[in-house]
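The following report concerns the chain fold, the relation between copies, and the contacts between chains. The sequence and structure are shown first.

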Amino acid sequence: MLFGKVTGTVVSTRKDEKLEGLTLLLVQQVDARGKMTNQYVVAADAMGAGMGEMVMFATGSSARQTDKTENRPIDAVIMAIVDTWEIEGDVVYDKYGADTVHA
Amino acid sequence: MLFGKVTGTVVSTRKDEKLEGLTLLLVQQVDARGKMTNQYVVAADAMGAGMGEMVMFATGSSARQTDKTENRPIDAVIMAIVDTWEIEGDVVYDKYGADTVHA
Amino acid sequence: MLFGKVTGTVVSTRKDEKLEGLTLLLVQQVDARGKMTNQYVVAADAMGAGMGEMVMFATGSSARQTDKTENRPIDAVIMAIVDTWEIEGDVVYDKYGADTVHA
Amino acid sequence: MLFGKVTGTVVSTRKDEKLEGLTLLLVQQVDARGKMTNQYVVAADAMGAGMGEMVMFATGSSARQTDKTENRPIDAVIMAIVDTWEIEGDVVYDKYGADTVHA
Amino acid sequence: MLFGKVTGTVVSTRKDEKLEGLTLLLVQQVDARGKMTNQYVVAADAMGAGMGEMVMFATGSSARQTDKTENRPIDAVIMAIVDTWEIEGDVVYDKYGADTVHA
């Protein structure tokens, strides 16, 4: 899994029928130090993530292992909202604290 | 999933029998800001996408989860036509509005 | 799928028993404009492709979806021979015409 | 599989129900010579790995082949703790010996 | 599949039980011209490959399609030993002949 920040929304009315009812969000990849990168992915939202939230996403066939995404033609899913992460004891990101240290 | 623009058509008469009846389109990857990149993929079209249309495509085993692509030897599928997407409230792309902002 | 040109042959006598009877070819990746790249893949040939032919190959689990490659330990397959492809109306490659425009 | 060093912990209370009971660790990729890289992955821990330990991780559908990760929406797993590795007879890493040679 | 040279060995005593009995080898990726690259992978050995041997490896779910690797949490397998490969009639590598041309 990788860290990502939900930065956008995607609207699609003409889509495969198996996508009905799924929310697709634009997620920008975040590196281990909490810094935004230029990489993005459009991910199915299995968590009700909000704009600006720090999440984890899984890709490939693993993206179809949640109840919401089973058998659907999607290759990325938001499967967790991040509270905090630390590297060698330093808090890199804390949802309830100050802003991301290195963002 | 990633955003892509349908920029080309591919013709193949000698192909695996499981590809019969599938349309293969050349899709150029578009970044989160709506800018074309040099990356491309040839994707099976599950949506009847037209030339120049902005689409989303899924790759890997997920590409075989539509009715049209099930069990076929394809690793990329167009599974949605994009209407609009926004980043932090800014419209990056709007199918029915002006051209893509950053294209 | 990606475009590739068959540029080489591979001989292996000591191989997994599930590979028996499969031809493995060296395929060099070609970009959307028909230009050879430095990227290559060794792909199972499901099409009887010849040296120098322009093909499409699929990777990952999708490579195991042809009759010839089912359940075999291969991660890339040639699943089509390309006749032509066009970008925005320009012929990039034509098997029966002149050489590839940008090769 | 790739080598990685466990450098961080991740806390997530809002996550897909299939993630319950799994520990997620931040793993920084290590190259063949034992040098840390900037690449990271958040991996499910099937081994009870500790902070700073050198591990191997598998990605994709293979990450779901341990008893702890079966059918879960995770795309990376720590499936082994590394004791030692050698390149052409030189010890690159030795858990019980001196520090990693090139770290 | 890609070409690789077996350059190292990996020892792990604490590993997932499904890895018991499998040999893991360090394989450095080789390009189409036979030149070593900096990329590596730790692969399960389905072939009894020796140090310094030129092999082919498959990745992803395809790595689990040999009898030795079925259902195991591994994402790369050595599934063939290379005898020779040629590009446009030139021998790039010949196991029984001289050294690799470009190595």
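Through which surfaces do the copies meet, and what share of the interface residues of chain A are also interface residues in chain B? The share is only 11%, so the copies meet through different surfaces. Contact here denotes two residues whose C-beta atoms, placed from the backbone, lie within 7 Å.

The model is predicted: local features need pLDDT of at least 70, side-chain atom pairs count only at pLDDT 80 or more, and totals for chains, interfaces and linings use all residues. Residues are numbered from 1 along each chain as its sequence is written, while chains are lettered from A and ligands numbered from 1 in the order in which they are written.

**Fold of chain A**

Chain A contains zero helices and seven strands, and its elements from the N terminus on read β-β-β-β-β-β-β. Its radius of gyration is 14 Å, close to the 13 Å that the globule rule gives for 103 residues, so chain A is as compact as a globular protein of that length. The radius is taken over C-alpha atoms, and the globule rule is 2.2 Å times the number of residues to the power 0.38. Helices (H or I, at least four residues) and strands (E, at least two) are DSSP runs, numbered from the N terminus. Along the principal axes, the C-alpha atoms of chain A fill a box of roughly 45 × 25 × 25 Å.

Of the 103 residues in chain A, 53% are buried. A residue is buried if 20 or more other C-beta atoms, placed from the backbone, lie within 10 Å of its own, exposed if 12 or fewer, and partly exposed in between. Among contacts in chain A with a separation of 6 or more, 50% come from residues 24 or more positions apart.

**Relation between copies**

Two copies of a chain are related by a rotation about an axis and a shift along it. Superposition is by least squares on the C-alpha atoms of residues with pLDDT of at least 70 in both copies. Chain C can be laid on chain E with an RMSD of 0.0 Å by a turn of 72° and a shift of 0.0 Å along the axis. For chain C, only 11% of the interface residues are also interface residues in chain E, so these copies too meet through different surfaces.

Chain B does not touch chain D, their nearest C-alpha atoms being 10 Å apart. Chain B and chain E do not touch either, with nearest C-alpha atoms 10 Å apart.

**Interfaces**

Two pairs of chains in contact are set out below.

| Pair | Residues of the former chain | Residues of the latter chain |
|---|---|---|
| Chain A and chain B | 27 residues of chain A | 26 residues of chain B |
| Chain C and chain E | 27 residues of chain C | 26 residues of chain E |

On the side of chain A that touches chain B, the elements giving two or more residues are β1 (2–11), β2 (24–30) and β3 (36–45) of chain A. β1(A) gives the most, with five residues. By class, this side divides into 11 nonpolar, nine polar and seven charged residues. Ala, Val, Leu, Ile, Met, Phe, Trp, Tyr, Cys and Pro count as nonpolar, Asp, Glu, Lys and Arg as charged, and the others, Gly among them, as polar.

On the side of chain C that touches chain E, the largest share, five residues, comes from β1(C).

**Strand pairing across chains**

Two strands pair if DSSP finds at least two bridges between them. β1(A) is joined by four bridges to strand β6 (residues 84–87) of chain B, and the two run antiparallel. Within this pairing, T9(A) stands opposite E86(B). E86(B) also stands opposite V91(B) in β7(B), and β6(B) and strand β7 (residues 90–94) of chain B pair in the antiparallel sense over four bridges. The hairpin of β6(B) and β7(B) has two residues between the strands, and there E88(B) takes a positive phi near 45°.

The bridge partner of G8(C) in β6(E) is I87(E).

**A loop residue of chain A**

Q65(A) lies in the loop between β4 (54–59) and β5 (76–81) of chain A. With 24 C-beta neighbours inside 10 Å, Q65(A) counts as buried. Leaving aside neighbours within four places in sequence, Q65(A) is in contact with K18(D), N71(D), R72(D) and P73(D). The C-alpha atoms of Q65(A) and D75(A), 10 residues apart along the chain, are separated by 11 Å.
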